[in-house]
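Subject: Structure handover

Hi,

Here is the structure we talked about. Please open it alongside this note; my findings follow.

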Amino acid sequence: MDEAEIRRQVDMIAQGLQAKDPGCLKNLYATDIVSFDIEPPLQSVGMEAKLKNWAPVFAFFESVTYDVRELTLTVGDDVAFGHAFARLSGTLKDGTAMSGMWVRVTYCFRKIDGTWLITHDQVSVPLDIASGKGAVDLEP
């Protein structure tokens, strides 16, 4: 039952992004979330900082798709973690279709007052050490 609830929480990220609804996203994160997101800064702390990281999605996209693949979870009584591949894509406000890129994402959850909330997330791309650039053309 807990694993199913956590999977619904991850599905709600996609639904909130597709609906361009920051309020939906706000319900998924702990107030003190620590996020290592794909864009700067290196670390964001707190729900408002996390929502600020999502703001460009709402500003630049006319329509949004957020795919999550291969979500694997380990669930305890009040702490859980998982990892997956995710891709943000869609149509920009100028009509340009953007296929996005696959990233690696790690989620950490705590059961707070009976609800599973994301307390930490980390998004990354593999690094090509020789060039110093992210390898953004990989697919799961």
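Which side chain does a polar contact of 3.2 Å join to that of Asp 37? The partner is Asn 53. Bear in mind that this is a predicted model.

**Around Asp 37**

Asp 37 sits in the loop that runs between strand E1 (29-36) and strand E2 (44-45). Its relative accessibility is 17%, so Asp 37 counts as buried under the 20% cut-off. A polar contact of 3.1 Å also links its side chain to that of Lys 50. Leaving aside residues up to four places away in sequence, Asp 37 touches Lys 50, Asn 53 and Val 123.

Lys 50 has another partner. Its side chain forms a salt bridge with Asp 121 (2.8 Å, N to O). That pair links distant parts of the chain: Asp 121 is in strand E7, Lys 50 is in helix H3, and they are 71 residues apart. Both ends are buried, with Asp 121 at 3% relative accessibility and Lys 50 at 1%. Asp 37, Lys 50 and Asp 121 are linked in a network of salt bridges.

**Other salt bridges**

The structure holds 6 salt bridges. One of them pairs Arg 87 with Asp 67 (3.2 Å, N to O). Arg 87 lies in strand E4 and Asp 67 in strand E3, so the pair ties together parts 20 residues apart in sequence. Arg 87 is partly exposed at 22%, and Asp 67 is partly exposed at 24%.

Glu 3 and Arg 7 also meet in a salt bridge (3.1 Å, N to O). They are 4 residues apart in helix H1, which means about one helical turn separates them. Glu 3 is partly exposed at 35%, as is Arg 7 at 29%.

**Core and surface**

The largest nonpolar core has 29 residues. Among those with the most contacts inside it are Leu 25, Trp 54 and Phe 109. Helix H1 (2-18), helix H3 (47-60) and strand E6 (102-112) are among the elements that each supply at least two residues of this core. Not counting residues up to four places away in sequence, Leu 25 touches residues including Ile 13, Leu 17, Leu 51 and Trp 54.

Leu 92, in strand E4, is partly exposed at 22% relative accessibility. Leu 92 and Phe 58 are 34 residues apart in sequence and 9.8 Å apart in space, C-alpha to C-alpha.

On the surface, Ile 38, Met 101 and Val 136 form a nonpolar patch with about 220 Å² of accessible area together. Val 136 comes in the segment after strand E9 (133-134) and is partly exposed at 41%.

Best wishes

Key
Residues are numbered from 1 along each chain as its sequence is written. This is a predicted model: local features need pLDDT of at least 70, side-chain atom pairs count only at pLDDT 80 or more; totals for chains, interfaces and linings use all residues. Side-chain values use heavy atoms; hydrogens and water are left out. Buried means under 20% relative accessible area, exposed over 50%, partly exposed in between (1.4 Å probe, protein chains only). A polar contact is a pair of N or O atoms within 3.5 Å; within protein, one must be able to donate a hydrogen and the other to accept it, and residues adjacent in sequence count only if both atoms are side-chain atoms. Contact means heavy atoms within 4.5 Å. A nonpolar core is a set of buried Ala, Val, Leu, Ile, Met, Phe, Trp, Tyr and Cys residues joined through side-chain atoms within 4.5 Å. Patches are made of residues with over 30% relative accessible area and no salt bridge: like charges are joined within 9 Å, nonpolar side chains (Val, Leu, Ile, Met, Phe, Trp, Tyr) within 5 Å. Accessible areas come from the Shrake-Rupley method with a 1.4 Å probe; for residues, only the protein chains shown count as cover. A salt bridge is a side-chain nitrogen of Lys or Arg within 4 Å of a carboxyl oxygen of Asp or Glu.
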